[in-house]
Amino acid sequence: MARQLTDRQWIERSIVTKYRKKLWAPFLTAINQYQLIHPGDHIAVCISGGKDSMCMAALFQILKVHSDIPFEVTYLIMDPGYNAANRKKIEENAQRMELPYVVYETSIFDVTQSQCKKACYLCARMRRGHLYAKAKELGCNKIALGHHMNDAIETALMSMFYSSKLETMAPIARSDNFEGMEMIRPLYRIKEEDIISWANYNHFRFIQCACRFTEMAENDMASSKRKETKELIAQLKKTNPLIESNIFNALHAVAIKCFPGVVVSGHHYTINDFYSNLDEDIPNPYRQ
C-alpha cells in the first residue's frame with residue numbers, strides 16, 4: 001500500500017510537477033535574473049494570509065532544501081489587528097504547510113481605520129515599516145513580499161492613468177529607513193492566475209482583505225482603481241492574449257532616449273537639459 005502524502009508533501013509536489021512551468025520555473029528565474037538571494041542572506045518571508053504570500057512561503061520551503069546558495073528563512077506573520085476568524089485561518093494554512101512561523105502583533109488597524117481617505121495608503125506604509133523593523137530585530141537582512149507580475153503591470157498602468165508618471169514596483173529595493181535592509185519580490189515573474197489555480201488545486205481557503213475599514217465599506221471596493229485596471233487588462237486580453245506579457249516585458253525595455261522627460265534620484269530632467277550639452281560631469285540619462 002502506497003504511503004499517503006502529508007498536506008505539505010502534496011502541496012510541494014504540486015509545485016514541482018503540475019505547476020513546475022508556471023510557478024517553480026518563473027520563481028527561480030526571478031531569483032537568478034534579479035539576483036534576489038546571496039550567500040548568507042537571512043530572509044523574512046512575510047505572510048499576510050492571502051494566496052500570494054502563502055504560495056511564496058511554499059516556494060521558499062522547497063528552495064531552502066534544494067538551493068546551492070546557503071541562506072536562512074524566517075516565516076513572519078504580522079497581525080495588524082485581524083479578527084479571530086481571519087487570524088485562525090492564516091495560522092491553519094501555515095500549520096497545514098508545516099511552516100515554523102513567527103507571529104508579530106501590532107495595532108495598525110486601530111490606527112488607520114480613523115483615516116478614511118488615506119486608510120489603505122497609511123496601512124500599507126505602516127505594515128512595511130513594521131515588517132522591516134521586526135525582520136531586522138530577528139536578524140534578517142531582507143524581507144520578501146508576495147507581489148506578482150500582475151501587481152507590477154497594474155501598478156505601471158495605474159501610475160500613468162492616475163498619477164501622471166511612469167513607474168512600477170521593482171523586484172528588489174533598498175530600504176530608505178532601515179540601514180542594511182532590502183525588500184525582494186520573488187513572485188515577480190509569476191502570473192496571478194497561476195497562483196489562483198495552484199491555490200484551488202490544493203483546496204486552500206485564504207482571507208481576502210481583512211481590514212476592518214474594508215469590511216465596513218465593502219461597496220467602495222467596486223470602484224477601486226486597481227479593480228478597474230484589472231478589468232481593463234482582462235478586456236484587452238480577450239483580443240490580445242499576450243497583453244500581460246507584453247506590458248511586463250516593456251517594463252524591462254524602457255527606451256530612455258525616446259522619452260521627453262525622466263526622473264533620476266528624485267530630480268526631474270527633460271531631453272532639452274542634455275540635448276546640446278555633452279558635459280561628462282553632468283549625469284545624463286539620455287547618453288548612449
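Colleague: Which helices and which strand each supply at least two residues of the lining of the second largest pocket?

Modeller: They are helix 7 (149–163), helix 11 (243–250) and strand 7 (261–264). Strand 7 gives the most, with 4 residues. Helices (H or I, at least four residues) and strands (E, at least two) are DSSP runs, numbered from the N terminus. Before we go on: this is a predicted model, so local features need pLDDT of at least 70 and side-chain atom pairs count only at pLDDT 80 or more, while totals for chains, interfaces and linings use all residues. Residues are numbered from 1 along each chain as its sequence is written, and side-chain values use heavy atoms, with hydrogens and water left out.

Colleague: What makes something a pocket, and which residues line it?

Modeller: On a 1 Å grid over the protein atoms alone, a pocket is an open set of points with protein on both sides within 12 Å along at least five of seven lines, and lining residues have an atom within 4 Å of a point. The second largest pocket has a volume of about 950 Å³, a volume being the space filled by probe spheres set on the points, which are joined across faces, edges and corners. There are 27 lining residues, and L166, E167, T168, V254 and I256 are the closest to the centre.

Colleague: What makes K134 and E137 a salt bridge?

Modeller: The rule asks for a side-chain nitrogen of Lys or Arg within 4 Å of a carboxyl oxygen of Asp or Glu. Here the closest N and O atoms are 3.0 Å apart, so the K134–E137 pair counts. Both residues lie in helix 6 (residues 119–137), 3 residues apart, about one turn of the helix.

Colleague: Is K134 called buried or exposed?

Modeller: Buried is under 20% relative accessible area, exposed over 50%, partly exposed in between (1.4 Å probe, protein chains only). K134 is at 14%, so K134 is buried, while E137, at 59%, is exposed.

Colleague: What parts does the R226–E154 pair tie together?

Modeller: The closest N and O atoms of R226 and E154 are 3.1 Å apart. R226 lies in helix 10 (residues 225–237) and E154 in helix 7, so the pair ties together parts 72 residues apart in sequence. R226, at 28%, is partly exposed, and E154, at 2%, is buried. Both also belong to a network of salt bridges, along with K51, D52, E192 and K230.

Colleague: Why is H203 called exposed?

Modeller: H203 has 61% relative accessibility, so the exposed label applies. H203 also has a positive phi of about 60° although it is not a glycine.

Notes:
1 Å grid on protein atoms, 1.4 Å probe; cavity = no way out; pocket = protein on both sides within 12 Å on 5 of 7 lines; lining within 4 Å.
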